Amino acid sequence: METTIVKIDEIRRRQKEIAAAGLMLRNGELVALPTETVYGLAAAGFSAVACRKLYEAKNRPFDKPISLLIADLADLSLVAAELSPDAQILAEKFMPGPITLVVKKTPQIPDIITADKDTVGVRLPDCHITRAIIRAAKVPLATTSANLTGNDPPVDAVGVLHELAGRIPLVIDGGRT
């Protein structure tokens with residue numbers, strides 16, 4: 001498989017590339033993308049088949065859960081079967097940002113990403129490119145760092161290529177995280 005890098009430096013001028021990445025994710029492909037912390041490897045969060053590809057591309061053990069990324073606070077209802085008042089307060093105060101809420105999952109979340117547990121980690125990233133791709137995918141994204149298991153997570157597209165070239169079809173280059 002050939003891995004393509006698409007540089008996204010001005011989101012308003014790159015809607016076509018964002019839409020294409022969203023379509024690839026909806027169609028079960030993997031996409032590496034920037035977040036506010038490191039580059040992540042993403043799959044459609046409600047597709048067990050796509051999530052299996054994510055584990056395989058990273059050589060990640062299947063007993064290690066993966067978090068979901070959402071685009072907006074309103075999307076919490078897609079992934080959280082229950083949200084305690086404390087979790088709601090934390091979400092409103094700290095999201096978007098590098099905080100993960102662990103919530104009881106909704107039924108459409110495949111067991112593969114939760115290691116057969118009834119909870120899932122959820123993040124709302126503070127990265128406009130990532131959020132635009134999630135919106136284009138029209139589904140929360142199962143996302144973990146874009147590296148082979150055991151290696152340091154990459155902070156730029158070149159680092160993703162070093163780790164995952166030939167294992168994934170697309171890297172969105174949003175600059176250094």
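**Why these labels?**

Reader: What makes Phe 62 partly exposed?

Author: Happy to explain, with the reminder that this is a predicted model. Phe 62 has a relative accessible area of 38%. Buried requires under 20% and exposed over 50%, so Phe 62 falls in between and is called partly exposed.

Reader: And why is Tyr 55 called buried?

Author: Tyr 55 has 0% relative accessibility. The cut-off for buried is under 20%, so Tyr 55 counts as buried.

Reader: How many aromatic pairs does the structure hold, and why is the pair of Tyr 55 and Phe 62 called stacked?

Author: There is one aromatic pair. The ring centres of Tyr 55 and Phe 62 are 4.9 Å apart, with the planes at 25 degrees. Pairing needs centres within 6.5 Å, and stacking needs planes under 30 degrees apart, so Tyr 55 and Phe 62 form a stacked pair.

Reader: Good. Let us turn to Thr 106: why does Thr 106 count as buried?

Author: Thr 106 sits in the loop between β6 and α5 (111–114). Its relative accessibility is 6%; buried means under 20%, so Thr 106 qualifies.

Reader: Which backbone oxygen lies 2.8 Å from a polar atom of the Thr 106 side chain?

Author: That oxygen belongs to Leu 78. Setting aside neighbours within four places in sequence, Thr 106 also has Ser 77 and Val 79 among its contacts.

Reader: Last one: what makes Lys 104 partly exposed?

Author: Lys 104, in strand β6 (residues 101–105), has 33% relative accessibility. That value lies between the 20% and 50% cut-offs, so Lys 104 is partly exposed.

Note on methods. Residues are numbered from 1 along each chain as its sequence is written. This is a predicted model: local features need pLDDT of at least 70, side-chain atom pairs count only at pLDDT 80 or more; totals for chains, interfaces and linings use all residues. Side-chain values use heavy atoms; hydrogens and water are left out. Helices (H or I, at least four residues) and strands (E, at least two) are DSSP runs, numbered from the N terminus. Buried means under 20% relative accessible area, exposed over 50%, partly exposed in between (1.4 Å probe, protein chains only). A polar contact is a pair of N or O atoms within 3.5 Å; within protein, one must be able to donate a hydrogen and the other to accept it, and residues adjacent in sequence count only if both atoms are side-chain atoms. Contact means heavy atoms within 4.5 Å. Rings of Phe, Tyr and Trp (its six-membered ring) pair if their centres lie within 6.5 Å; planes under 30 degrees apart count as stacked, over 60 as edge-to-face and the rest as tilted.
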